[in-house]
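Here is a short briefing to read with the model open. Have your viewer ready, and let us go through it span by span.

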Amino acid sequence: MSVAGLKKAAHETVAGLPREFWWLWTSTLVNRLGAFVATFMALYLTLDRGYSASYAGLVAALHGLGGVVSSLGAGVMTDRLGRRPTMLIAQLSTAVSVAVLGFMVHPVAIAGVAFVVGMASNASRPAVQAMMADIVRPEDRVRAFSLNYWAINLGFAVSSAGAGFIAEYSYLAGFLGEAALTLLCAFVVFLKVPESRPEAAPRAAGTPPPDDVRLVTVLRDGRYMGVVGLSFLVALIFQQGYVGLPVAMGTDGLSASDFGTAIAVNGVLIVALQIPVTRFIQHRDPRRLLILSSMLAGYGFGLTAFAGSVGVYALTVCVWTLAEIVNAPTQTGIVVQLSPAHGRGRYQGMYTMSWSVAALVAPLMSGFVIDHYGAAWLWGTCAVLGTVAAAGYWLLMRNLDLPEPVVAASPVPEDRAVAEEPVVAEGRVVTEGAV
């Protein structure tokens, strides 16, 4: 592609998104640049503090459990308090709790504070996703979610490399550095990101208010909960890249650095391909993309059963990374389309919880299957799960009435705060006031 073509592609990738989105994107990047605790917690506890691997696993599980607990609560806060207050509370709480964790020495105290860190760090996700849905036009959402996902992975790639050098100097410096960058993230949100929660539509005198969206409303939304369940299956597959894959490579006699080389392919490909792949998929049928990505994820991990060298393991990582690149923005876009605007926080909270629960279940699943049946059975199970998820998406959404993809769209005025849109409810497109 020529230089002019590259410039045109770059312009089309970022054009038309409101200023508020880019400040939110910046806050996401800053937040992920400070991601130290989740990456190096196990090494910190075993190497620096001298605790056992079992204790490190317990702390990791409590950190994940905190995320499960906070997902639903943060969703309710997002709808009731607003997107911006929820993000600020979550980010300030994360900064304080991460800093405190760095000074904890007693094992009970470390475990307890790790649980709090898990709650706080996960609490902003429903608010961020709901705000993006508020401020970005429907036809631009896949692109916006993809750019945000790209920022997450770019920040994580940089922070992982930097955190390794910081850990050699001082783990405490890593905890305090993450706290400082999280505070900077909150500072950006406070100064530059306005509230975006949709206001209730005006009603004629004597007209009853629309039904309030409660958690029980989300649970009774059968189609949406089906999507959440399928999301859990897909997340369970992707989690094996960080829990099952290193164990399997170890049993093949490969080292930790070999695993680092293989898994680095994941981050490099996401940073390199997320934007061009999104340009290719953004106007295609999301139902087909979810089916395709589920199959790629399942069989990408299934191919791991035939790996025995770093090169072949890295090749399998390429396959399921492509599935991740396609699935992440598409899945988030579908979740938004199935969520009423005045209940996005609760709906997003339920979706976020599916990934948090998968992060809890995946280590138990991989450990049990590998110990009792061997790694090949784990990869076969992933292939089965991917097939089940693909079939589930086909059955669940074959009659879903989604808006037709827009091939070309005019830019959004930068002062536009909330996108006007139809809202999908129970498989039908209805006006926002009728939800």
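Residues 88-117 are 83% helix and 0% strand, with end C-alpha atoms 15 Å apart. This is a predicted model, where local features need pLDDT of at least 70, side-chain atom pairs count only at pLDDT 80 or more, and totals for chains, interfaces and linings use all residues. Residues are numbered from 1 along each chain as its sequence is written, and side-chain values use heavy atoms, leaving out hydrogens and water.

**Annotated spans**
- An unreviewed UniProt entry gives "transmembrane region" for residues 22-43, 55-76, 88-117, 172-193, 224-247, 259-277, 350-370 and 376-396; such annotations may be inferred rather than shown by experiment.
- Residues 172-193 are 95% helix and 0% strand, and their end C-alpha atoms lie 31 Å apart.

**Helix H17**
- Helices here are DSSP runs (H or I, at least four residues), numbered from the N terminus.
- H17 (residues 375-397) has 23 residues and reaches 33 Å between its first and last C-alpha, close to the 33 Å expected (1.5 Å times one less than the number of residues).
- Its buried residues (under 20% relative accessible area, 1.4 Å probe, protein chains only) include Trp379, Cys382, Gly386 and Tyr393.
- Among the elements covering the buried residues of H17 are H14 and helix H16 (344-372).

**H4 against H7**
- The axes (lines fitted to C-alpha atoms over the stretch in contact, with angles from 0 to 180 degrees between N-to-C directions) of H4 (residues 53-80) and H7 (residues 125-135) come within 8 Å and cross at roughly 40°.
- Contact (heavy atoms within 4.5 Å) involves Ser71, Ala74, Gly75 and Thr78 of H4 with Pro126, Ala127 and Ala130 of H7.

Key:
Helices (H or I, at least four residues) and strands (E, at least two) are DSSP runs, numbered from the N terminus. Buried means under 20% relative accessible area, exposed over 50%, partly exposed in between (1.4 Å probe, protein chains only).
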